[in-house]
Every structure is written in C-alpha cells, then in structure tokens.
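Hello,

Here is the structure I promised to pass on.

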Amino acid sequence: KAFKEYLRLYMENWLSNTNSNDSYSDKDHYNAIVNLSNVISREFNHILARNSLKIGTSQKLLNVYWKANWIFRKGIKEPIHCPFDGIIIRKLPPEVKKVSWTKMKTIQQYKDLVKAARSISNGQSLAIWELVEYNKNAILKNSL
C-alpha cells in the first residue's frame, strides 16, 4: 500500500513538473528514468525483485503514464518518447531487437531504443509513431 501511494504521488508530481517545463528534453527524460529507478530501489528494495527497479520498468512506468494522461486529459503535452515494450521493440532495426524491456538495466540500452525508433519514424514524433505501430499490430492481430 505504501509503495502504491508513493509511486502515485511521485508520478503525479513528475508529470506536473514535466508538463510545466517548456524545455523538457531527451536528457531530462533519461535523468527522470534513472531517478525513478534509483528512488524506488532505495525506498522499496525490500519488496522489489533483486532489490531494484530496472531501467526498463522505469521507462515503461513513466512513458505509459505520460501517454495515458496525454490521451485522456486536456492540457497534457505530447510525450517526447513512447513506451517501449515487446511489440514496439520488434518494429525496430535488428541491432536493438534483442533488447527486452523487462530486463533492461542501463539507460544506454534505452537511449539506443529511442535512437532506433527515431531512425524509422519518418519524422513523426515517437508518441504518434508508437500509436500508429501499436494500432497496426492490433489490426493485424484481429484479422488473423
């Protein structure tokens, strides 16, 4: 219960600060992901697998939270990245397809995913590109 409440407040504060920051950058987002992993690992290591929150889980938490709020709430800025999961990683170039978001331990692995996604997004923002790719996957899955 304490973990759930802590995480909820952390995420709300983070998104509020992010949304009010006109110059939020890739570097800021990388730092936010690392910070979330470090803070949660420090405060809740006793309930976490291997006593830590992996970078992959942190990016997923932040990116999904931002994406959901952007889609469902007025006034939330478009996310600068997208949630990387198995479906989206499979869409990326071969050199990064081996990365598993659930096992991702370093911010460099995440940066490599961002770079790879941008290389194939045809100039679209990662948030829009991911929505299109995710929907293509759902349409294909439903047609089988």
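**How the helices pack**

The axes of α2 and α5 cross at roughly 140 degrees and come within 10 Å of each other. That makes α2 oblique to α5, since angles under 35 degrees count as roughly parallel, over 145 as roughly antiparallel, 65 to 115 as roughly perpendicular and the rest as oblique. Axes here are lines fitted to C-alpha atoms, for helices over the stretch in contact, with angles running from 0 to 180 degrees between N-to-C directions. Helices themselves are DSSP runs (H or I, at least four residues), numbered from the N terminus. α2 passes α5 in a right-handed crossing (the near helix is turned clockwise from the far one by less than a right angle). Asp-26, His-29, Tyr-30, Ile-33 and Val-34 in α2 meet Ile-107, Tyr-110, Lys-111, Val-114 and Arg-118 in α5; contact means heavy atoms within 4.5 Å.

Before you read on, please note that this is a predicted model, in which local features need pLDDT of at least 70 and side-chain atom pairs count only at pLDDT 80 or more, while totals for chains, interfaces and linings use all residues. Residues are numbered from 1 along each chain as its sequence is written, and side-chain values use heavy atoms, with hydrogens and water left out.

α2 also packs against α3, at an angle of about 120 degrees and with the axes 8 Å apart. These two helices are therefore oblique to each other, and their crossing is right-handed. Among the residues that make this contact are His-29, Ile-33 and Leu-36 of α2 and Leu-61, Leu-62 and Trp-66 of α3.

With α1, the angle to α2 is about 160 degrees and the axes are 12 Å apart. That makes α1 roughly antiparallel to α2. α1 passes α2 in a right-handed crossing. The contact includes Phe-3, Tyr-6 and Trp-14 of α1 and Asn-35, Val-39 and Phe-44 of α2.

α1 covers residues 2-19 and reaches 26 Å from its first C-alpha to its last, close to the 26 Å expected at 1.5 Å a residue (the expected span is 1.5 Å times one less than the number of residues). Its buried residues are Leu-7, Tyr-10, Met-11, Trp-14, Leu-15, Thr-18 and Asn-19. They cover an arc of only 150 degrees around the axis, which puts them on the same side of α1; the arc is that of the directions from the helix axis to the C-beta atoms. Buried means under 20% relative accessible area, exposed over 50% and partly exposed in between (1.4 Å probe, protein chains only). The buried residues of α1 pack against α2 (26-44) and α3 (55-72), while the face turned away from them carries the exposed Ala-2 and Asn-17.

In α5 (residues 107-120), the end C-alpha atoms are 20 Å apart, which agrees with the span its 14 residues should have. Ile-107, Tyr-110, Leu-113, Val-114, Ala-116 and Ala-117 are buried there. Just after α5, Asn-122 takes a positive phi of about 55 degrees.

Ser-41 lies in α2 and is buried, with a relative accessible area of 14%. Leaving aside neighbours within four places in sequence, Ser-41 is in contact with Leu-48, Asn-51, Ser-52 and Leu-53.

Leu-92 sits in the loop between α4 (86-89) and α5 and counts as buried at 2% relative accessibility. Not counting residues up to four places away in sequence, Leu-92 touches Phe-84, Lys-97, Leu-113, Ala-116, Ala-117, Ile-120 and Trp-129.

Best wishes
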